[in-house]
Amino acid sequence: GTLHLHRTSAPLVSYRHRVGMSQSSGTPRKLLMQLRAKAWEDIVFFGTKGTDNETVWSKNGFAIWGAGRDGKDFLKALSPGVASRVVCFVDVDSNKIEKIKFYDNPTIGRRIPILHFSLLAKNANKCVDNVVFGRVSKEKKNGDAFDTNKQTDTTRKCEEPKRKKQKTKSRHEETIDLNVLQGLPVVVCVAMYRTNGALESNVASIERVEGKDLWHIS
């Protein structure tokens with residue numbers, strides 16, 4: 001039969017950590033990411049073949065939420081065929097969106113755009129109204145915090161930016177149909193519950209269903 005994942009109010013398993021006796025604490029971070037990516041491919045991406053969810057991930061591709069370390073490591077850990085289905089990164093950091101704009105990966109020969117997460121919203125009005133850029137700061141003593149810095153009209157993020165000539169060999173330039181973005185499934189590669197509710201609120205605003213077209217890898 002088909003297995004279903006359900007949330008419970010009470011913990012089902014308790015984990016006890018002992019310093020120096022934990023195998024997981026000594027396992028390299030990238031190896032753990034590779035194992036997570038492989039499990040995600042087998043269960044979610046390839047595991048949907050022959051089901052109603054098959055076209056959700058394979059037809060138009062998917063987005064990775066988080067253009068930081070974990071998002072990039074997740075992309076690198078994917079098999080070439082699955083990595084080719086990544087349409088874009090989305091983030092809240094204005095520096096990544098406005099200045100960096102693309103993630104270049106010569107290994108997979110891709111130049112993947114970095115967009116504001118609001119462009120994924122199924123409600124088109126959320127793509128242009130009251131958009132706020134921000135970043136997750138981990139430098140404050142009171143823990144992680146989400147800082148907003150300015151409001152920006154995301155419609156211009158959809159325009160092709162001017163770029164300087166590349167010294168490296170030219171790679172495939174990504175073009176995106178903005179209508180496709182509103183239906184893309186999303187893999188979130190940012191840790192939850194560390195932004196005073198900001199990340200959770202942002203993820204909720206794009207109106208995806210966890211376990212169907214929304215998965216968390218962190």
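Visitor: Is Lys122 buried, partly exposed or exposed, and why?
Guide: In this predicted model, Lys122 counts as partly exposed because its relative accessible area is 41%, which falls between the 20% and 50% cut-offs.

Visitor: Which residue does Lys122 meet in a salt bridge?
Guide: That would be Asp213, with 3.7 Å from N to O. The pair links distant parts of the chain, 91 residues apart. Asp213 sits in the loop between helix H7 (198–205) and E9, while Lys122 is in the loop between strands E4 (110–116) and E5 (132–137).

Visitor: And Asp213, buried or exposed?
Guide: Buried, because its relative accessibility is 8%, under the 20% limit.

Visitor: How many salt bridges does a search of the whole structure find?
Guide: Seven. One of them joins Asp104 and Arg111, at 2.8 Å from N to O. Asp104 is partly exposed at 28% relative accessibility, whereas Arg111 is buried at 8%.

Visitor: New topic: what volume does the largest pocket have?
Guide: About 730 Å³. It is lined by 19 residues, and the closest to its centre are Leu3, His4, Leu5, Gly211 and Trp215.

Visitor: Where does the largest share of that lining come from?
Guide: From E9, which supplies three residues. Helix H1 (29–45) also gives at least two.

Visitor: What's the lining like by class?
Guide: The lining of the largest pocket has nine polar, seven nonpolar and three charged residues.

Conventions
Residues are numbered from 1 along each chain as its sequence is written. This is a predicted model: local features need pLDDT of at least 70, side-chain atom pairs count only at pLDDT 80 or more; totals for chains, interfaces and linings use all residues. Side-chain values use heavy atoms; hydrogens and water are left out. On a 1 Å grid over the protein atoms alone, a cavity is a set of points where a 1.4 Å probe fits but cannot get out, and a pocket is an open set with protein on both sides within 12 Å along at least five of seven lines; lining residues have an atom within 4 Å of a point. Grid points are joined across faces, edges and corners, and a volume is the space filled by probe spheres set on the points. Helices (H or I, at least four residues) and strands (E, at least two) are DSSP runs, numbered from the N terminus. Ala, Val, Leu, Ile, Met, Phe, Trp, Tyr, Cys and Pro count as nonpolar, Asp, Glu, Lys and Arg as charged, and the others, Gly among them, as polar. A salt bridge is a side-chain nitrogen of Lys or Arg within 4 Å of a carboxyl oxygen of Asp or Glu. Buried means under 20% relative accessible area, exposed over 50%, partly exposed in between (1.4 Å probe, protein chains only).
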